[in-house]
Amino acid sequence: MTSAGPEDLVVTQASLDDWPVISGWAADEGWNPGLSDGPSFFTQDPEGFFLGRIGGEPVSAISVVNYGADYAFLGCYLVRPDLRGRGYGIATWKTGLAHAEGRTVGLDGVVAQQDNYRQSGFELAYRTARFSGTAPVGETAAGVRPAEAADFEAITAYDSACYPADRPLFVQRWLATPGHRTVVRHVDGRLTGYGVIRPARDALRIGPLFADTAEDARALFVALTADAAGSEVAIDIPRTTTAGIALAEEFGLTPSFETARMYTGPVRPFAGERIYGVTTLELG
């Protein structure tokens, strides 16, 4: 393999059986992937995951997951550390982006890659910081309860208002995945936010945390962490949501690394001010 070049790389669609390889690389990068992310990710677009191989051995990965006719999200862009700088990454990148077929593509890019993404036509929308720390002890606020099957229609509608595309298949699987716990808040009979917490490699991950107001977000956050008091939790918060940053700081969470939400073109309007926690850096 030491003499193999990008012309020897074979990039093909990955299957769910390949997910442990991809998530293992992500864990090695310190991204803290969820323990059960794969089935939810592949539910949205089973053809949107790719592996590059040399002589049958995986060396690179990318995902470009399509949402409807207009939007796609790029993630899981990885090359084995011992094989970087050989052109495998860009060859894998080109194959993945072709899957978007003209859609606007979004991504959450790590700092080291942001200049490369700009050269590929991605423009900065906002920056996101991962906050982590010990889950607090708090009392559940009025109107907050575990999500029920009857909430699904309202949750998917709320999610669509907070995201650049409709994603009911993903949301349904995300809420139903074993180990994931979802809470909702209602005020005057109306859904004012929802959140999900899930187990991950290094710390419990909160995402999404979508809410009308800072009060709603705080109530949901406390409910999500109620069963995890004393455990490590992490949440990715847009820097533009200053109330979300204040919430994390109130509970003693501190920033560990930063990413940038970037797009190749226009996206439909969405309620960015309601995003107190990004769903996942891999799928947006």
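Reader: What makes up the hairpin of β3 and β4, and how many residues are between the strands?

Author: Three residues lie between β3 and β4. Gly-68 is in the turn, with a positive phi of about 65 degrees. This is a predicted model, where local features need pLDDT of at least 70, side-chain atom pairs need 80 or more, and totals for chains, interfaces and linings use all residues. Numbering starts from 1 along each chain as its sequence is written, and side-chain values use heavy atoms, without hydrogens or water.

Reader: How do you know that β3 pairs with β4?

Author: Strands pair if DSSP finds at least two bridges between them. Seven bridges join β3 (residues 57-67) to β4 (residues 71-79). The two strands run antiparallel. Ser-60 stands opposite Val-79, and Tyr-67 stands opposite Tyr-71. Strands here are DSSP runs of E, at least two residues long; helices are runs of H or I, at least four; both are numbered from the N terminus.

Reader: What makes β2 a partner of β3?

Author: Six bridges join β2 (residues 49-54) to β3. That meets the rule for pairing. These strands also run antiparallel. Ile-54 stands opposite Glu-57. The hairpin of β2 and β3 has two residues between the strands. Gly-55 takes a positive phi near 60 degrees there.

Reader: In which sense do β4 and β5 pair, and how many bridges do they have?

Author: The sense is parallel, over four bridges. In β5, Leu-107 is the bridge partner of Leu-74.

Reader: Why is β3 called largely enclosed?

Author: Nine of its eleven residues are buried, so the rest of the structure largely encloses β3. Buried means under 20% relative accessible area, exposed over 50%, partly exposed in between (1.4 Å probe, protein chains only). For β4, nine of the nine residues are buried, so β4 is largely enclosed too.

Reader: How do you know that the buried residues of α3 lie on the same side?

Author: Helix α3 covers residues 88-98. Tyr-88, Gly-89, Thr-92, Trp-93 and Gly-96 are buried. They cover an arc of only 130 degrees around the axis, which puts them on the same side of α3. The arc is that of the directions from the helix axis to the C-beta atoms. Lys-94 and Ala-98 are exposed on the other side.

Reader: What do the buried residues of α3 pack against?

Author: They pack against β1 (10-13), β2, β3, β4, β5 (104-110) and α4 (114-119). Contact means heavy atoms within 4.5 Å.

Reader: What makes the buried residues of α6 line one face?

Author: In α6 (residues 168-176), Phe-170, Val-171, Trp-174 and Leu-175 are buried. Down the axis of α6, they fall within an arc of 125 degrees, so they line one face of the helix. The face turned away from this buried side carries the exposed residues Leu-169 and Ala-176. Among the packing partners of the buried residues are α2 (37-44), α5 (152-161) and β10.

Reader: Why is Arg-118 put in its accessibility class?

Author: Arg-118 has a relative accessible area of 33%. Arg-118 lies in helix α4.

Reader: Which residues does Arg-118 contact, leaving aside neighbours within four places in sequence?

Author: Arg-127 and Met-262. Arg-118 and Met-262 are 144 residues apart in sequence. In space they are 8.6 Å apart, C-alpha to C-alpha.

Reader: What is the peptide bond from Gly-207 to Pro-208, and how do you know?

Author: The bond is cis, with omega near 0 degrees. Pro-208 lies in strand β10 (residues 204-211).

Reader: How do you know where the axes of α7 and α8 come in distance and angle?

Author: Axes are lines fitted to C-alpha atoms, for helices over the stretch in contact, and angles run from 0 to 180 degrees between N-to-C directions. The axes of α7 (residues 214-225) and α8 (residues 242-250) come within 10 Å. They cross at roughly 40 degrees. Ala-214, Ala-217, Arg-218 and Phe-221 in α7 meet Ala-243, Leu-247 and Glu-250 in α8.
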